[in-house]
Every structure is written in C-alpha cells, then in structure tokens.
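Hi,

Here is the structure I promised to pass on to you. Please open it alongside this note, and I will walk you through what turned up.

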Amino acid sequence: MDATLSEADTRGPHTKTSGLRSERSPIGNEDNTNKAGNRNRNKNRNKKRNRNRNGNKKTENKEQDEPKPMVGGEEVGIEKSQAKSRRRRNNNEPNKKNTLYYSKEINVEERKQTAKRQEEIDQCIHALSDFKLFRKGKHVTSYGYRISVMTNSGKISQKVLFNIPFDYPKAPMKLAMRSNEEVSFYMDIVIANFNWKARQLVKEKWRILSQINYLISEFETLKMANYKQIDKLRNSFYKTI
C-alpha cells in the first residue's frame with residue numbers, strides 16, 4: 001500500500017507538470033505568431049509609406065523640371081517682353097559709350113578753352129601795366145584798365161572794365177564802366193557799339209589784347225550812333241577788294 005502510494009505520488013506531480021506545459025505551449029506559440037505577424041504588417045506599412053513618399057518626391061521633382069504648358073497668348077507676350085528687353089539693352093549700351101566719349105570730349109575742350117583764356121589774360125597783364133584784376137565773380141572775371149585816346153575834341157582818359165566770362169572764347173568779352181567813375185556822355189554809345197563788335201571779333205579769333213587795341217584805335221568811330229551801318233559797309237568794301 002505504501003509502495004503504491006509512493007509510486008502514485010511520484011508519478012502524479014510529473015504528470016501534472018507535463019500537462020501544464022503541454023497546455024501552455026500553444027498559447028506561447030500564438031503570442032509569438034501574433035508578434036511576428038504584427039512586425040510583418042508594420043514592415044509592410046513602412047515599406048508602403050516609403051514608396052508613397054519616394055513616389056511623391058519624384059512627382060514633385062518631375063513637375064519642377066518639366067516646363068509648365070503655356071497658352072499661345074502667354075508665349076507671345078513673353079517673346080515680346082524679351083524682345084523689348086534686348087532692344088532696350090542694345091539701345092542703352094551705345095548711349096552709354098557715346099555719353100562717356102562725349103563727356104571726355106567736353107572735358108578736353110573745356111581745358112583747352114580755360115588754357116586759352118588764361119594765356120590771353122596773362123598777355124594783357126604783361127603788355128598793359130594798368131590791366132589789373134578788379135573783381136572775380138561766379139561767371140565773369142573783371143579787369144580794370146584806363147584807356148587814353150586822342151579824339152577830335154582832344155585827349156581823353158577813362159577807366160573801364162573788361163568783363164571776361166569763364167567760357168571765353170565761346171562767349172565774348174564785354175566792355176563796362178566802373179560804378180564810381182564819371183561817365184562821359186558818349187561812353188554809353190561806345191560801350192554798346194564795342195560789345196556788338198566784340199561778338200564778331202571773337203568769332204574771328206581776335207585775342208583780348210587785339211580787341212583792346214581795336215577799342216583804342218577805333219574809339220572815334222565807336223562814338224558814332226550809326227557805327228553799325230558804317231562797319232557793315234566797311235566789311236562789304238574789304239570783301240570786294
């Protein structure tokens with residue numbers, strides 16, 4: 001009896017344990033199978049998502065690379081605007097070159113003009129002891145000089161001003177009286193006639209010193225009210241000779 005019990009006792013626990021193990025093993029397998037299935041599904045979803053992303057990127061890149069179709073009117077408008085831009089560039093480039101070239105020519109001409117003006121003034125200062133600077137303005141430099149001439153009524157002495165513009169010889173020299181100088185009754189006529197004649201003299205490239213000599217030598221004729229008619233007849237006569 002004891003032996004039977006001991007044998008049963010010894011068998012019982014082993015049998016139960018094995019039964020439990022056999023009962024549990026299917027559940028463990030199912031869990032492992034579910035986990036593996038979930039992993040596979042996740043992998044598939046990730047692959048599908050990546051494929052969709054790559055497909056979208058390729059589509060976007062393709063759309064960016066490929067030019068968008070344009071309507072006929074838009075193409076014509078773009079061609080016209082491009083043609084206008086080309087014409088504008090072509091028109092502006094020669095203008096810039098011409099402007100630069102023209103400005104250089106102006107600078108060279110101005111330097112020559114200024115040098116000529118100063119040379120003639122220095123010649124007057126050297127030859128005429130009374131020829132002195134009186135006033136320097138924005139556009140004109142005035143030089144004072146006392147002229148002494150013999151007239152039909154005797155010798156006269158008169159202080160005058162020679163206004164020489166900065167753009168001389170483009171603009172002529174002008175004769176004027178000093179404000180504090182007593183003016184003879186005929187000096188207004190002399191000034192008007194000489195300034196009229198000075199425009200012709202500067203065109204003929206008379207130097208400043210030669211124009212002053214003309215004033216002194218022709219003073220008696222410059223006093224005449226009809227000086228312009230006399231000068232025109234004289235010039236006509238010299239042309240016929």
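Helices here are DSSP runs of H or I with at least four residues, strands are runs of E with at least two, and both are numbered from the N terminus. Before going on, please note that this is a predicted model: local features need pLDDT of at least 70, side-chain atom pairs count only at pLDDT 80 or more, and totals for chains, interfaces and linings use all residues. Residues are numbered from 1 along each chain as its sequence is written, and side-chain values use heavy atoms, leaving out hydrogens and water.

H3 itself covers residues 187-203. From first C-alpha to last, its 17 residues reach 24 Å, close to the 24 Å expected (1.5 Å times one less than the number of residues). Its buried residues (under 20% relative accessible area with a 1.4 Å probe, protein chains only) include Met187, Val190, Ile191, Phe194 and Leu201. Among the elements covering them are strand E3 (154-165), strand E4 (174-177) and helix H6 (227-240).

Which residues does Phe219 touch? Not counting residues up to four places away in sequence, the list includes Ile147, Val149, Ile156, Tyr186, Met187 and Val190; a contact means heavy atoms within 4.5 Å.

For the whole protein chain, there are six helices and four strands, in the order α-α-β-β-β-β-α-α-α-α along the sequence. Of its 241 residues, 23% are buried. Among contacts between residues at least 6 apart in sequence, 50% join residues at least 24 apart.

Finally, the largest pocket holds about 160 Å³ of space. A pocket is an open set of points on a 1 Å grid over the protein atoms alone, where a 1.4 Å probe fits, with protein on both sides within 12 Å along at least five of seven lines; lining residues have an atom within 4 Å of a point. The volume is the space filled by probe spheres set on the points, which are joined across faces, edges and corners. Among the lining residues are Asp130, Lys132, Phe134, Tyr145 and Arg178.

Best wishes

Technical notes. Buried means under 20% relative accessible area, exposed over 50%, partly exposed in between (1.4 Å probe, protein chains only).
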